[in-house]
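Here is a short report on a protein structure. Please look over the sequence and the fold before reading on.

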Amino acid sequence: MLTVKNLVIETLLEQVNFSVQRGEILTLMGPSGSGKSTLFAWMVGALPAAFRARGELWLNERRCDALPTAQRGLGILFQDALLFDAFSVGQNLLLALPATTTGQARRQKVEQVLAAAGLAGFFSSDPATLSGGERARISLLRALLAQPQALLLDEPFSRLDNVRRSGFREWVFAQIQALNIPAVLVTHNEEDIPPGGRVIQLSRWQ
Ligand SMILES: Nc1ncnc2c1ncn2[C@@H]1O[C@H](COP(=O)(O)OP(=O)(O)OP(=O)(O)O)[C@@H](O)[C@H]1O
């Protein structure tokens, strides 16, 4: 379970409280500038220096808000599918693979997740030559290869056209359910809300 408890980010967010169960996707909505991305930045341990925050972050019974980013167990996916364009698709994915997988098993693991995502044969591709939908899928694969215990999705669908958007959305939701990890989705689009999913509205600091 992922919990944000009594979070205050001064002059931006007042008293944010939520818990997300394993396999659940909680949707966060709110006007532009209400602090959705800043909330994610705080959760991953990268709050801009301009802000002061207090509150608790818990992931699977472990308090995480004082831990370094890499130890929090959170994966994050941004609106822009950020990939290193100097590296091939496969190298981008290898970078995310934990050091516990070694030797030839590293490449095999990456080939295997590419194939499972319908991207067999993309290992040596240059990310700059991919479509927006392909970049989005590879970005999610990269986030998942790091074996996060929870996933934060910051408008991951907004740069995709309508056809790609719904396909990618279903695929992302299926991945989260298969991994049985909690996820938080920021979106401006009500169509992105998973069927029956809970929604939290962030409001501006009063
Ligand atoms: N590094 C920073 N330093 C100072 N202020 C910042 C910084 N990053 C964001 N802000 C400000 O914090 C406020 C909240 O921004 P944030 O990006 O969290 O909003 P948002 O709800 O994600 O908006 P949108 O829906 O437009 O993406 C905005 O007023 C923004 O200008």
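The sections below cover the sheet, the ligand shell, a helix and the nonpolar core.

## Basis

This is a predicted model, in which local features need pLDDT of at least 70, side-chain atom pairs count only at pLDDT 80 or more, and totals for chains, interfaces and linings use all residues. Residues are numbered from 1 along each chain as its sequence is written.

## The open sheet

Four strands form an open sheet in the order E2-E1-E4-E5, with antiparallel pairing. E2 and strand E5 (62-63) stand at the edges with a single partner strand each, so one side of each has no neighbour in the sheet. Strands (E, at least two residues) and helices (H or I, at least four) are DSSP runs, numbered from the N terminus. Two strands pair if DSSP finds at least two bridges between them. Strands of a sheet pair through backbone hydrogen bonds, either parallel or antiparallel.

Strand E1 (residues 2-9) pairs with strand E2 (residues 13-20) over five bridges. Leu2 stands opposite Val20 in E2. Three residues separate E1 and E2 in a hairpin, and Thr11 in the turn has a positive phi of about 65 degrees. E1 also pairs with strand E4 (residues 53-59), in the antiparallel sense and over six bridges. Here Val4 has Leu57 as its bridge partner, while Ile9 stands opposite Ala53.

## The ligand shell

The residues around the ligand include Leu12, Gly30, Lys36, Pro48 and Ala50. The shell divides into three nonpolar, seven polar and one charged residue. In this count Ala, Val, Leu, Ile, Met, Phe, Trp, Tyr, Cys and Pro are nonpolar, Asp, Glu, Lys and Arg are charged, and the others, Gly among them, are polar.

In helix H1 (residues 36-44), the buried residues include Lys36, Phe40 and Trp42. Buried means that 20 or more other C-beta atoms lie within 10 Å of the residue's own, all placed from the backbone. Gly45 follows H1 and has a positive phi, near 85 degrees.

The largest nonpolar core has 44 residues. Such a core is a set of buried Ala, Val, Leu, Ile, Met, Phe, Trp, Tyr and Cys residues joined through C-beta atoms within 7 Å. Leu151, Leu152, Leu153 and Ala183 have the most contacts inside it. Helix H4 (residues 132-145) gives the largest share of this core, seven residues. Leu152 touches Phe40 and Met43, among others, not counting residues up to four places away in sequence; contact means C-beta atoms, placed from the backbone, within 7 Å.

Key. A residue is near a molecule or strand if its C-beta atom, placed from the backbone, lies within 6 Å of it. A residue is buried if 20 or more other C-beta atoms lie within 10 Å of its own, exposed if 12 or fewer, and partly exposed in between; C-beta atoms are placed from the backbone. Two residues are in contact if their C-beta atoms, placed from the backbone, lie within 7 Å.
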